[in-house]
Amino acid sequence: MIEPIGNQYVVARPVYSTKAFGEEHKKKHRHHKTLLDHLKKWFRCSAQKAKRIALSLFPIASWLPAYRVKEWLLSDIVSGISTGLVAVLQGLAFALLVTIPPSYGLYAAFFPVIIYFFLGTSRHISVGPFPVLSMMVGAVVVRLTPIADTADPTVTNSSVANDSSLDDHKVMVAATVTILSGIIQLLMGVLQLGFVVIYLSESLISGFTTAAAVHVLVSQLKFILQLTVPAHADPFSIFKILISIFSQIEKTNIADLVTSLVILLVVFVVKEINQRYKAKLPVPIPIELIMTVIATGVSYGFDFKNRFNAAVVGEMKSGFQAPITPNVQTFQDTIGDCFGIAIVGFAVAFSVASVYSLKYDYPIDGNQELIALGVSNIFSGSFRGFAASTALSRSGVQESTGGKTQVAGLLSAVIVLIVILAIGFLLEPLQKSVLAALALGNLKGMLMQFTEIRRLWRKDKYDCLIWVMTFIFAIVLGLGLGLAASVALQLLTIVFRTQFPKCSTLANVGRSNIYKNRKDYSEMYEPDGVKIFRCPSPIYFANISFFKQKLIDAVGFSPLRILRKRNKALKKIRKLQKKGLLQVTLKGYICIVDGFKDCDEELDNDNIEELDQPINTTDLPFQIDWNADLPFNIVVPKINLHSLILDFSAVSFLDISSMRGLKMILQEFIRIQVDVYIVGTDDDFIEKLARCEFFDDEVKDSIFFLTIHDAVLHILMKKDYSTSKFNPSQEKEAKFDFTINTNGALRNRECQVPTETKF
């Protein structure tokens with residue numbers, strides 16, 4: 001019964017062990033689903049299920065009917081135009097990283113956006129070429145493209161001879177790699193492997209995207225300086241690129257460098273103006289469009305290509321080309337590379353999508369993202385494009401310019417389509433350094449995530465460690481291996497947290513039914529002879545030893561050592577009793593000699609198993625008080641503990657290995673006459689112990705109680721009853737019944753031990 005009194009309450013109920021509660025309140029039978037039940041549910045058909053599957057496969061069907069035309073359309077149009085221009089420029093720039101003609105980058109900027117519009121779940125990312133992914137594809141292209149040198153007899157040019165040109169061969173390799181990567185992503189999505197994204201924490205995503213921004217920055221330096229730098233995609237590639245750049249820094253084209261710096265300065269300033277005055281500006285200033293027009297006109301008017309030897313985009317083919325059939329042999333040669341490209345592409349896209357989903361509070365689906373990216377890459381590769389994910393800067397443009405939905409992405413694809421079909425030739429005089437500068441102009445937001453370190457350090461040291469190590473791994477090992485190492489580190493930190501949990505000793509706060517860490521409060525009450533120990537994590541094979549050591553530290557002694565000492569002393573007492581050196585009286589036993597020496601009873605390793613057995617004194621005509629002085633200076637450590645309560649309310653599971661260890665711990669305490677109680681466990685926990693034959697004559701299922709307070713009251717009643725039973729002279733003394741009065745404090749009153757205890 002619960003009676004509220006103001007902002008307090010009074011509860012009157014029996015003291016419950018888990019067993020007693022189960023006997024009084026019978027559990028109803030529940031049917032637990034089997035594998036067959038799950039399969040039946042999976043293959044069951046219904047109209048609602050078909051609708052749900054259709055909506056999950058085509059998310060556009062759920063958000064497009066709810067599109068707010070008046071509120072969102074203008075913002076999406078402005079965002080789509082700005083993002084489309086950036087997509088054109090980045091498609092041209094990132095095609096250079098794949099070592100194929102720039103015009104093919106437009107295909108990679110067009111087809112994935114169209115597919116993602118129908119299949120994607122993120123509203124803000126802009127799907128298309130990503131520089132690091134382009135570098136990974138470019139490394140494969142370079143590796144599989146023979147050097148056109150007929151004088152070298154070791155070079156086989158048969159594959160090149162089957163193609164019309166070296167560029168066609170490179171395009172074929174890039175497209176084949178893209179198709180296989182898309183197939184891998186599609187299969188992962190169909191097999192529901194998108195759950196891997198749960199291992200990408202917010203700290204990991206932030207560190208990973210920041211490292212990706214640094215990779216983008218380094219990848220564009222060679223175009224800004226107009227230097228010839230080979231493609232690298234292996235570990236330490238970023239350092240190899242930097243070494244290659246600085247080793248030939250004297251060859252920098254000044255015209256390209258100056259143009260890039262001017263573009264970067266103007267873009268940064270205007271971006272800052274857009275951000276600071278976004279509430280006052282009707283639409284953000286389309287600085288990318290303005291600078292592209294100006295840079296193209298200046299380059300054409302002053303003939304930068306011939307006068308300053310500046311690198312320009314060059315010939316732009318108009319229109320689309322026929323789809324291609326992927327090369328099966330390339331599939332076999334690049335399966336490992338394609339798997340890495342698929343994982344990195346998905347990780348980057350999902351990471352950026354997660355940032356915006358958290359910012360604007362809407363869900364994204366990892367499995368559907370895999371399907372959307374997989375189909376996008378299959379289409380893109382079939383039409384001579386290369387692997388797509390999402391560029392950090394391009395997505396930043398789509399979001400910062402007011403994009404609300406993927407309608408902005410669709411409009412950006414229309415801009416790319418116009419360039420492909422009609423006005424691509426106008427970009428032929430544009431410097432490649434301008435493309436690189438515009439690609440870098442939107443990285444400020446991602447690079448500013450370095451400030452996360454300070455915030456994370458104040459909040460959680462582990463999250464800060466994950467951010468820093470993810471950044472270092474992604475920089476040093478590359479995004480593919482860096483992501484794998486970061487996920488492994490994150491899992492390791494979880495293991496570390498559970499392997500070394502912060503165990504604590506609890507005590508009663510304010511003599512109530514509330515128990516907290518005794519180090520945290522001043523008014524603490526701990527019943528005499530009772531220790532309450534809390535474990536805040538699962539118990540498994542890796543931390544059972546740590547749990548045991550923490551428990552020993554909390555109680556102040558090793559039960560196994562006490563047990564061995566007592567068994568050793570018992571052997572000596574038996575020997576004394578057999579020799580007649582001990583005389584039994586009504587008050588116990590007395591020694592009839594002054595001294596006794598026996599060197600044969602020393603602890604020997606051969607008798608360890610015997611000394612670990614339960615203490616058996618049934619053959620003695622007297623009881624031994626182990627906390628009293630023993631005869632002939634036999635020394636056994638005294639303990640002031642008679643009951644131990646283990647709070648397992650935070651223990652979510654227990655494996656078989658730790659189950660054996662826990663049973664040994666309980667047996668050791670029980671064998672030295674310390675009662676052990678476990679509280680806070682659920683029924684499944686106890687049922688698992690029963691299935692694994694955890695209980696026996698020593699460790700019984702009656703040790704489980706619902707709450708700490710139930711166990712404490714049970715101990716107080718039990719010890720009070722024991723005092724009354726074995727000490728008749730104390731029967732008339734007051735018995736204690738602990739209850740909560742109306743101010744929440746424990747009080748006691750003189751009474752006999754009741755069958756029900758109020759608290």
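**A walk through the predicted model**

D647 lies in strand β11. Helices and strands here are DSSP runs, numbered from the N terminus: helices are H or I with at least four residues, strands are E with at least two. This is a predicted model, in which local features need pLDDT of at least 70, side-chain atom pairs count only at pLDDT 80 or more, and totals for chains, interfaces and linings use all residues. Residues are numbered from 1 along each chain as its sequence is written, and side-chain values use heavy atoms, with hydrogens and water left out.

Stay with D647 for a moment. Its relative accessible area is 6%, so D647 is buried. Buried means under 20% relative accessible area, exposed means over 50%, and partly exposed lies in between (1.4 Å probe, protein chains only). The side chain of D647 makes a polar contact with the side chain of S649, at 2.9 Å. A polar contact is a pair of N or O atoms within 3.5 Å; within protein, one must be able to donate a hydrogen and the other to accept it, and residues adjacent in sequence count only if both atoms are side-chain atoms. Leaving aside residues up to four places away in sequence, D647 touches L506, F533, R534, C535, V679 and I708. Contact means heavy atoms within 4.5 Å.

Now step back to the whole chain. It has 29 helices and 15 strands. Of its 759 residues, 48% count as buried. Take the contacts between residues at least 6 apart in sequence: 79% of them join residues at least 24 apart.

Salt bridges come next. A search of the whole structure finds 14 of them. Each is a side-chain nitrogen of Lys or Arg within 4 Å of a carboxyl oxygen of Asp or Glu. One of them pairs D710 with R13, with the closest N and O atoms 2.8 Å apart. D710 lies in helix α29 (residues 708-726) and R13 in the loop between β2 (8-11) and α1 (18-24), so this pair ties together parts that are 697 residues apart in sequence. D710 is buried, at a relative accessible area of 0%.

Helix α29 also holds K718. The side chain of K718 meets that of D675 in a salt bridge (3.1 Å, N to O). D675 sits in strand β12 (residues 675-679), 43 residues from K718, and the pair links distant parts of the chain. Both ends are partly exposed: D675 at 22% relative accessible area, K718 at 32%.

A further salt bridge joins the side chains of R564 and D612 (2.6 Å, N to O). R564 is in helix α25 (residues 559-578), and D612 is in the loop between α26 (608-611) and β11 (643-647), 48 residues apart. R564 is partly exposed at 24% relative accessibility, whereas D612 is buried at 18%. Elsewhere, R518, E526 and K531 are linked in a network of salt bridges.

Finally, look at two helices. The axes of α5 (residues 69-97) and α10 (residues 202-225) come within 11 Å and cross at roughly 95°. That makes α5 roughly perpendicular to α10. Axes are lines fitted to C-alpha atoms, for helices over the stretch in contact, and angles run from 0 to 180 degrees between N-to-C directions. Angles under 35 degrees count as roughly parallel, over 145 as roughly antiparallel, 65 to 115 as roughly perpendicular and the rest as oblique. From α5, the contact uses A93, F94, L96 and L97; from α10, it uses S219, Q220, K222 and F223.
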